[in-house]
Amino acid sequence: LHKCSDDMVTLVALVAVDGANIFYRPTMKEEQASATAAKQRFYDADGDYAGLLRLYKEWAQAGGIRNGLHWAKANYVHSRAMCRAADVRDQ
């Protein structure tokens, strides 16, 4: 039960910071294919929430608020949105 409620709190935090806009689209055409591939890596057949949850867990494992900036940049994810979600989650 604890694991399930922990995941639910994470999802609520992501939705609260507008989870639909976690990813960013680079303006340089050369990077757009990489950004699309990065976003598709988090596609989950079980739905958007499962993908968002996996994204958050990978970001957290990569260092989260303290050290997740490089991971976020490499995956075309708004680091500020992830940090806000972590703050909401911890409240």
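At what angle do helix H3 and H6 pack, and how far apart are their axes? I looked this up first in what is a predicted model, where local features need pLDDT of at least 70, side-chain atom pairs count only at pLDDT 80 or more, and totals for chains, interfaces and linings use all residues. Residues are numbered from 1 along each chain as its sequence is written, and side-chain values use heavy atoms, with hydrogens and water left out.

**Entry: H3 against H6.** I find helix H3 (residues 48-61) and H6 packing at an angle of about 95 degrees, with their axes 11 Å apart; axes are lines fitted to C-alpha atoms, for helices over the stretch in contact, and angles run from 0 to 180 degrees between N-to-C directions. H3 and H6 are therefore roughly perpendicular to each other, a term that covers 65 to 115 degrees. Helices here are DSSP runs (H or I, at least four residues), numbered from the N terminus.

I then listed the contact, meaning heavy atoms within 4.5 Å: Leu55, Tyr56 and Trp59 in H3 meet Met82, Cys83, Ala86 and Arg89 in H6. The residues of this contact divide into six nonpolar, no polar and one charged, where Ala, Val, Leu, Ile, Met, Phe, Trp, Tyr, Cys and Pro count as nonpolar, Asp, Glu, Lys and Arg as charged, and the others, Gly among them, as polar.

Entry: I read buried as under 20% relative accessible area (1.4 Å probe, protein chains only). The buried residues of H3 are Gly51, Leu52, Leu53, Leu55, Tyr56 and Trp59, while H6 buries Ser79, Ala81, Met82, Cys83, Ala85 and Ala86.

Not counting residues up to four places away in sequence, I see Val77 touching Ile22, Phe23, Tyr24, Leu55, Trp71, Ala72 and Met82.

Entry: Gly51, in helix H3, is buried with a relative accessible area of 4%, and, leaving aside its neighbours within four places in sequence, Gly51 is in contact with Phe42 and Asp44. I also checked the loop between H5 and H6, where Tyr76 is found: phi of Tyr76 is near 55 degrees, a positive value in a residue other than glycine, and Tyr76 counts as buried at 10% relative accessibility.

Terms used
Buried means under 20% relative accessible area, exposed over 50%, partly exposed in between (1.4 Å probe, protein chains only). Helices (H or I, at least four residues) and strands (E, at least two) are DSSP runs, numbered from the N terminus. Angles under 35 degrees count as roughly parallel, over 145 as roughly antiparallel, 65 to 115 as roughly perpendicular and the rest as oblique.
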